[in-house]
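User: I would like to go through this structure with you. Could you take my questions as they come?

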Amino acid sequence: MESTSIRTLAVTAVAPVAWGSTYLVTEQFLPADRPLFAALVRALPAGLLLLAFKRRLPRGDWWWRAIVLGVLNIGLFFPLIFLAAYHLPGGLAATLQAASPLAVMALAAGIVNERPGTLRIGAALVGLVGVALLVLQSPGQVDTLGLIGAFGSVLVSALGFVLVKHWQSPADMLTLVSWQLVVGGLVLLPVALVVEGAPPAVDARAIGGFVWLGLVGTVVAYVCWFHGLNRMAAGAVSLVGLVNPVVGTVLGVVFAGEIFGWTQALGMALVLAGVLAGQTWGARMAGWIGSRTARRQHASPMPEPALACAPSRA
């Protein structure tokens, strides 16, 4: 049953708020140009700690389902998003990520038979324009690896999120997140060692960055995100994800001295309007306004027949 109560929306929004810090933390705290190592350290330690705390393993079909979800949502998504962060300007990466709601809606229509409707598609397009205004500045250096990372992360995360909604885990959210983090981390471990070699040296700043991304940006964020997926339409949840670049822009202004002007303010307003319009009560409000307008037009007085056939005056 779809629910878009204020509480559900607020809990779900915790995820993109936390994810909005990823680009800043990656650029300023983590070792340079090590996307696989960053993804591994973000996922595996947190997953093992959660699994040790919950002490519950998948059963039956959930063994292979947990593997599929772990590979999509963690094993592929994490390195792809770090690849985009390392190889693209932050604004361009965030703008490409803003296409995610459209990808989620398309997949949800085919997998869970969830029709997004014209209003929700329009809200996604408005949000996409808002993100572009908010963060897209000079393109800077754009390379193929960065574009592959950005578009790939959109596709695999969209599929993973829709499958989470489709399969409806019998376990609680912490347990479901722990399965995916462990699977994704174990997939990343050999790949990171083969591709990037030995782990780089990390200082206190890097450790702090990894702790933040692992606990807040991963465990807390995914629990809140899957909470929303269980209670809201997948398309509505994906629109909440547009809060991510809003937070990223605010952090960039506050901590990195980035410019914020009228263009960015308009972009932020469009993003938030798209998020709100894409919720169920946003659609109901639009329908209510439309029905009120129709009733007023229907009730408007028609020309009186007497006037229509009144005799002409000399």
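Analyst: What follows is a discussion of the fold, the core, the helix packing and some individual residues.

User: What should I know about the model before we start?

Analyst: This is a predicted model, in which local features need pLDDT of at least 70 and side-chain atom pairs count only at pLDDT 80 or more, while totals for chains, interfaces and linings use all residues. Residues are numbered from 1 along each chain as its sequence is written, and side-chain values use heavy atoms, with hydrogens and water left out.

User: How many helices and strands does the protein chain have?

Analyst: The protein chain has 15 helices and 0 strands. Helices (H or I, at least four residues) and strands (E, at least two) are DSSP runs, numbered from the N terminus.

User: And what percentage of the residues is buried?

Analyst: Of the 314 residues in the protein chain, 49% are buried. Buried means under 20% relative accessible area, exposed over 50%, and partly exposed in between, with a 1.4 Å probe and protein chains only. As for contacts (heavy atoms within 4.5 Å), 90% of those between residues at least 6 apart in sequence join residues at least 24 apart.

User: Which residues touch the most other members of the largest nonpolar core?

Analyst: They are Phe78, Leu176, Leu181, Tyr222, Trp225, Phe226 and Leu229, in a core of 87 residues. Helix H4 (residues 62–87) supplies the largest share of this core, 12 residues. A nonpolar core here is a set of buried Ala, Val, Leu, Ile, Met, Phe, Trp, Tyr and Cys residues joined through side-chain atoms within 4.5 Å.

User: What is phenylalanine 78 in contact with, beyond its neighbours within four places in sequence?

Analyst: Phenylalanine 78 contacts Ala39, Arg42, Ala43, Asn73, Leu181, Thr218 and Tyr222. Two of these, Leu181 and Tyr222, are also listed with Phe78 among the core residues that touch the most other members.

User: Now helix H8. Is valine 164 buried or exposed?

Analyst: Valine 164, which lies in helix H8, is buried, with a relative accessible area of 3%. Apart from neighbours within four places in sequence, valine 164 contacts Leu69, Asn73, Leu176, Phe226 and Leu229. Valine 164 and leucine 176 are 12 residues apart in sequence, and their C-alpha atoms are 9.4 Å apart in space.

User: What about serine 153: buried or exposed?

Analyst: Serine 153 is found in H8 (residues 144–167) and is buried, at a relative accessible area of 0%. With neighbours within four places in sequence set aside, serine 153 is in contact with Phe77, Leu80, Ile81, Gln97 and Ile148.

User: On to packing. At what angle do H7 and H13 cross?

Analyst: The axes of helix H7 (residues 117–135) and helix H13 (residues 262–277) cross at roughly 160° and come within 7 Å. The two are therefore roughly antiparallel to each other. Residues making the contact include Leu119, Ala123, Val126 and Gly127 of H7, and Thr263, Gln264, Leu266 and Gly267 of H13. Axes are lines fitted to C-alpha atoms, for helices over the stretch in contact, and angles run from 0 to 180 degrees between N-to-C directions. Angles under 35 degrees count as roughly parallel, over 145 as roughly antiparallel, 65 to 115 as roughly perpendicular and the rest as oblique.

User: How do H6 and H7 cross?

Analyst: The H6 and H7 axes come within 9 Å and cross at roughly 155°, so these helices are roughly antiparallel as well. Pro101, Leu102 and Met105 in H6 meet Arg120, Ile121, Ala124 and Leu125 in H7.

User: What span should H6 have, and what does the model give?

Analyst: At 1.5 Å a residue, the 12 residues of H6 (residues 100–111) should span 16 Å, and the end C-alpha atoms are 16 Å apart, which agrees. The expected span is 1.5 Å times one less than the number of residues. Buried residues in H6 include Ser100, Pro101, Ala103 and Val104.

User: What follows H6?

Analyst: H6 is followed by asparagine 113, with a positive phi near 55°. Asparagine 113 sits in the loop between H6 and H7 and is exposed, with a relative accessible area of 56%.

User: Where does glutamine 168 lie?

Analyst: Glutamine 168 lies in the loop between H8 and helix H9 (173–196). Its phi is near 55°, a positive value in a residue other than glycine. At 42% relative accessibility, glutamine 168 counts as partly exposed.
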